Amino acid sequence: MNVLGSTRVLCVIGHPVSHSLSPVMHNAAIEALNVDYVYVAFHVLPERLGEAVEGFRALEIAGVNVTLPHKERVIEYLDEIDETARAIGSVNTIVNSEGRLKGFSTDGPGFLRSVESEWGKVGGCRVLVLGAGGSAKAIAFELARIGCEIVIANRTYSRAVDLAQSIGAWGQGACAIPLEREALAEAVQSVDLLINTTSVGMHPDVEATPFPPDLIRPGLLVYDLIYNPPRTKLVEEAEARGARALNGLKMLVYQGALSFEMWTGIKPPIDVMENAAVCALG
Ligand code: NAP
């Protein structure tokens, strides 16, 4: 990669950020397309978020990805946010148009593209979502938009209720259940797709699973947002029981690809980004 005086800068901000796969994915796309951009990671402390955003304007950073813990708080520093980001209260992508910063969320659309690229259309299907945090909200918004019926199961039941109410306000049927065996056993019987958005099973706690394996039936679609490890206990158990399973790597790639397209106007090569992420994960 040739970094020149004319090279435009893209970046990700987070705290921590050194583990992020975004630089490796985006720089692989930049190299493959031979365009004049470079993508770097900036560690930004929560108390310096406002200064960092001012820095994007001053340094004319072309585009920004926002990761934890800044996705919600960054909104107050932006000039504008799009409808989806406003609904879910979270931004993962900032586009700098001549100093005007607009926030978007590509998490939900990235999730949906990744599912549909593997399993085809899921509009109108019934979904059980484990978790009620930031990623659950982004995904639920997208699923509600395409007419899915959604059940939210969460350890902290009140958060499941809050999210189900938001989904109701977005015009789609939803209900909340506790993340407990009995409730899960009943709910899973009537769904087509099970999505894990909790962090249970993530490295280093790789033997943990958020869902009782014996409740998984053949033919169920099981999507685990976790990609480290690539095969979580949930993915292993699902495949062993004749379900179809995916990890979260494709969501990571597609949400990144959507951001890239917003910044550059160019569709990046998905396979190049995915291979780069897989190599980086080892
Ligand atoms: P978050 O907002 O902090 O939400 C975390 C969720 O996990 C909450 O629902 C929380 O339940 C639940 N949880 C945490 N520990 C738990 C435990 N021991 N037992 C049961 N539930 C537990 O986080 P997030 O941003 O939504 O991210 C969640 C996961 O998705 C992470 O593993 C993250 O790496 C992954 N992710 C992947 C992608 C991708 O592109 N593949 C994108 C975003 C996120 P409570 O409400 O009870 O605390």
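**Aromatic ring pairs in the predicted model**

Trp170 is partly exposed at a relative accessible area of 24%, where buried stands for under 20%, exposed for over 50% and partly exposed for the range in between (1.4 Å probe, protein chains only). The model is a predicted one, in which local features need pLDDT of at least 70 and side-chain atom pairs count only at pLDDT 80 or more, while totals for chains, interfaces and linings use all residues. Residues are numbered from 1 along each chain as its sequence is written, and side-chain values use heavy atoms, with hydrogens and water left out.

A search of the whole structure gives four aromatic pairs; rings of Phe, Tyr and Trp (its six-membered ring) pair if their centres lie within 6.5 Å, with planes under 30 degrees apart counted as stacked, over 60 as edge-to-face and the rest as tilted. One of these is the edge-to-face pair of Phe111 and Tyr223, at 4.9 Å centre to centre and 65° between the planes. This pair links distant parts of the chain, 112 residues apart: Phe111 lies in helix 4 (residues 107-119) and Tyr223 in strand 11 (residues 221-224). Helices (H or I, at least four residues) and strands (E, at least two) are DSSP runs, numbered from the N terminus. Phe111 is buried, at 0% relative accessibility, and Tyr223 is buried with a relative accessible area of 0%.

Turning back to Trp170, its ring forms an edge-to-face pair with Phe141, at 4.8 Å centre to centre and 85° between the planes. Here too distant parts of the chain are linked, 29 residues apart: Phe141 sits in helix 5 (residues 134-145), and Trp170 in the loop between helix 6 (157-169) and strand 9 (174-178). Phe141 is buried, with a relative accessible area of 13%.

Finally, ring pairs join Phe111, Trp119 and Tyr223 into a cluster.
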